[in-house]
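Student: Could you walk me through this model, starting with how its strands pair up?
Tutor: Gladly; let us look at it together.

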Amino acid sequence: MSGNTFGLLFSVTNFGESHGPAIGCVIDGCPPGMDLSVEDIQPELDRRRPGTSKFVTQRNEADQVEILSGVYEGKTTGTPIALLIRNTDQRSKDYGDILQTFRPGHADYSYWRKYGIRDPRGGGRSSARLTAPTVAAGAVARKWLLEKFGVEIRACMTQIGEVQIPFESWAHVAHNPFFAPVADVSALEHYLQALRKSGDSCGARLRVIATRVPVGLGEPLYDKLDADIAYAMMGLNAVKGVEIGAGFAAVADKGSTHGDALTPEGFVGNKAGGVLGGISTGQDIEVSIALKPTSSILVPRVSIDTSGEATELITKGRHDPCVGVRATPIAEALLALVLIDHALRHRAQCGDVQLPVPPIPGQVSDAA
């Protein structure tokens, strides 16, 4: 199987299966000399890991990361960084009933048709369990971006199922299991509790933002920054839609009002989402992603088996009623991986470019 490496200069190769002995990744191209320890990575994994609330899968993985290489005396050496996360709470017997059947909405059928063989235990390679190494690699990337440019990346849930979530403050996101930017999440709790009792699931929408991104990241035509962001986000399990800036709302806009005006004091508005012509402008990078409902549900559904015969199945096991609940730190990590790769590529080609006029601010100061 190919297609397991992301990035050009900062590349991450992801390995493992949901119910194998371990999962992990190898980071190639991390700049040398940066302080790095498990303590820099583990907090991000703790935000993503399962079993942290009654609203997510109860698979109880500690997700303890181990740094196997690439760090000497607490500093990155420039050599490959191998990160390992051991699986400790697999329950493969939960998947015994689907050895010969295909779960609707899952990759079971497409994997089987492509490779002629599949690992049914927790989805094998297609499991969202494999996002843990992505989060670990993203923690390394976001530390370098913060130290080098002051870049900060954060995300929040803006919709769960039919429930719209208004934005109140980023300060609330860290204090509830939904990563919601509101103080009172009781409506979200009631909604998800009812959904879980019914055996069904729902989708979600997330907002992802990066601030203090330097000007100049991205390479037309086919390596545009926004194109690579969309590519990365679509690589996240269950993502079915990506918007940059105004996104699909741009369809109803007018050219006279859509373009973000440039003034000596900064940009007025950010409908571009921080990218023009595939190159970062210094504005905030604004991304929105849509995730489909969890496919593993207790509601009976029709399908076929490996003989092509009709059947009906219920997906047993421990699953998230809404995969979007734990997707927030993953989306942040993916954006960090895109930004560090483009920052290193920009430095390699255009590091000597100097202009007499400094860049304008990302936005007019009184609009902050």
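Tutor: Strand 11 and strand 16 (residues 285-291) are paired in the antiparallel sense over 5 bridges, where two strands pair if DSSP finds at least two bridges between them, and strands (E, at least two residues) and helices (H or I, at least four) are DSSP runs numbered from the N terminus. This is a predicted model, in which local features need pLDDT of at least 70 and side-chain atom pairs count only at pLDDT 80 or more, while totals for chains, interfaces and linings use all residues. Residues are numbered from 1 along each chain as its sequence is written, and side-chain values use heavy atoms, with hydrogens and water left out.

Student: Which residue is the bridge partner of glutamate 243 in strand 16?
Tutor: The partner there is serine 288.

Student: And what order do the strands of that sheet follow?
Tutor: The order is 9-8-10-16-11, in an open sheet of 5 strands with antiparallel pairing. Its edges are strand 9 (163-164) and strand 11 (239-244), each of which pairs on one side only.

Student: What about the sheet with strand 3, and how is strand 3 joined to strand 7?
Tutor: Strand 3 and strand 7 (residues 81-86) run antiparallel and are joined by 6 bridges, with glycine 24 having leucine 84 as its bridge partner in strand 7. They belong to an open sheet of 5 strands in the order 1-2-3-7-4, again with antiparallel pairing.

Student: Is strand 3 mostly covered or exposed?
Tutor: Strand 3 (residues 22-28) is mostly covered, since 5 of its 7 residues are buried, meaning under 20% relative accessible area, with exposed being over 50% and partly exposed in between (1.4 Å probe, protein chains only).

Student: Switching topic, how many residues does the largest nonpolar core have?
Tutor: That core has 76 residues, and Ile160 and Phe178 are among those with the most contacts inside it; a nonpolar core is a set of buried Ala, Val, Leu, Ile, Met, Phe, Trp, Tyr and Cys residues joined through side-chain atoms within 4.5 Å. Helix 7 (residues 328-350) supplies the largest share of this core, 12 residues.

Student: What does isoleucine 160 touch?
Tutor: Leaving aside neighbours within four places in sequence, isoleucine 160 is in contact (heavy atoms within 4.5 Å) with residues including Phe178, Leu188, Tyr191 and Val325.

Student: Last one: where is tyrosine 115, and is it buried or partly exposed?
Tutor: Tyrosine 115 is found in helix 2 (residues 108-115), and it counts as partly exposed because its relative accessibility is 34%.
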